[in-house]
Amino acid sequence: CIRDRYNLLSGLVEDDFTSDSWAAFAGAMAQAAEVIADGEPLEADVTKAYDGLLNAAEGLVRCLLYTS
């Protein structure tokens, strides 16, 4: 369910990922939050938000920190 996926992904930390990949992810999270907040969302809206969330999460790129 989209709420479960949203809750799981909400624990991710922005600083761990590149800014470009995080921007797409944050947008998908915002869209998912809107669908979750809607008392009776359309199935198409749920599907679109869920798919967008999955795609954005898969597209996250971790920052590589190098220490000397």
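This is a predicted model: local features need pLDDT of at least 70, side-chain atom pairs count only at pLDDT 80 or more; totals for chains, interfaces and linings use all residues.

Ser21 has its place in helix 2, which covers residues 19-37.

The setting may be given briefly. The secondary structure of the protein chain amounts to three helices and zero strands, and from the N terminus on the elements run α-α-α. Taken along the principal axes, the C-alpha atoms fill a box of roughly 55 × 15 × 15 Å. Of the 68 residues in the protein chain, buried residues make up 22%. Among contacts between residues at least 6 apart in sequence, 72% join residues at least 24 apart.

Is Ser21 buried or exposed? Its relative accessible area is 9%, and Ser21 is therefore buried, since the cut-off for that term is under 20%. Setting aside residues up to four places away in sequence, Ser21 touches Gly59, Leu60 and Val61. With Val61 there is a specific approach: a polar atom of the Ser21 side chain lies 3.0 Å from the backbone nitrogen of Val61.

Phe25 is also found in helix 2. With a relative accessibility of 1%, Phe25 counts as buried because this value is under 20%. Which residues does Phe25 touch, not counting those up to four places away in sequence? They are Leu9, Leu12, Leu53, Ala56, Ala57 and Leu60. Phe25 and Gly52 are 27 residues apart in sequence, while their C-alpha atoms are 8.5 Å apart in space.

Met29 likewise has its place in helix 2. The relative accessible area of Met29 is 9%, so this residue too is buried. Leaving aside neighbours within four places in sequence, Met29 is in contact with Tyr6, Leu9, Ser10 and Leu53. Its C-alpha atom is separated by 8.7 Å from that of Ala56, which is 27 residues away along the chain.

The residues just described lead to the packing of the helix as a whole. Two packed helices are described by the angle between their axes and the distance between the axes. Helix 2 and helix 3 (residues 43-58) pack at an angle of about 155 degrees, and their axes are 9 Å apart. Helix 2 is therefore roughly antiparallel to helix 3, because an angle over 145 degrees counts as such. Helix 2 passes helix 3 in a left-handed crossing. On the side of helix 2, the contact is made by Ala24, Phe25, Ala28, Met29, Gln31, Ala32 and Val35. On the side of helix 3, the contact is made by Asp45, Val46, Lys48, Ala49, Gly52, Leu53, Ala56 and Ala57. The residues of this contact of helix 2 with helix 3 divide into eleven nonpolar, two polar and two charged.

Helix 2 also packs with helix 1 (residues 2-9), at an angle of about 140 degrees and with the axes 10 Å apart. The residues of the contact of helix 1 with helix 2 divide into eight nonpolar, no polar and one charged.

The axes of helix 1 and helix 3 come within 10 Å and cross at roughly 30 degrees. Helix 1 and helix 3 are therefore roughly parallel to each other, as the angle is under 35 degrees. The crossing of helix 1 past helix 3 is left-handed. Helix 1 contributes Ile2, Arg5, Tyr6 and Leu9 to the contact, and helix 3 contributes Val46, Ala49, Tyr50, Leu53, Leu54 and Ala57. The residues of this contact of helix 1 with helix 3 divide into nine nonpolar, no polar and one charged.

Ser21, for its part, touches Gly59, Leu60 and Val61.

How values were computed:
Residues are numbered from 1 along each chain as its sequence is written. Side-chain values use heavy atoms; hydrogens and water are left out. Helices (H or I, at least four residues) and strands (E, at least two) are DSSP runs, numbered from the N terminus. Buried means under 20% relative accessible area, exposed over 50%, partly exposed in between (1.4 Å probe, protein chains only). A polar contact is a pair of N or O atoms within 3.5 Å; within protein, one must be able to donate a hydrogen and the other to accept it, and residues adjacent in sequence count only if both atoms are side-chain atoms. Contact means heavy atoms within 4.5 Å. Axes are lines fitted to C-alpha atoms, for helices over the stretch in contact, and angles run from 0 to 180 degrees between N-to-C directions. Angles under 35 degrees count as roughly parallel, over 145 as roughly antiparallel, 65 to 115 as roughly perpendicular and the rest as oblique. A crossing is left-handed if the near helix is turned anticlockwise from the far one by less than a right angle, and right-handed if clockwise. Ala, Val, Leu, Ile, Met, Phe, Trp, Tyr, Cys and Pro count as nonpolar, Asp, Glu, Lys and Arg as charged, and the others, Gly among them, as polar.
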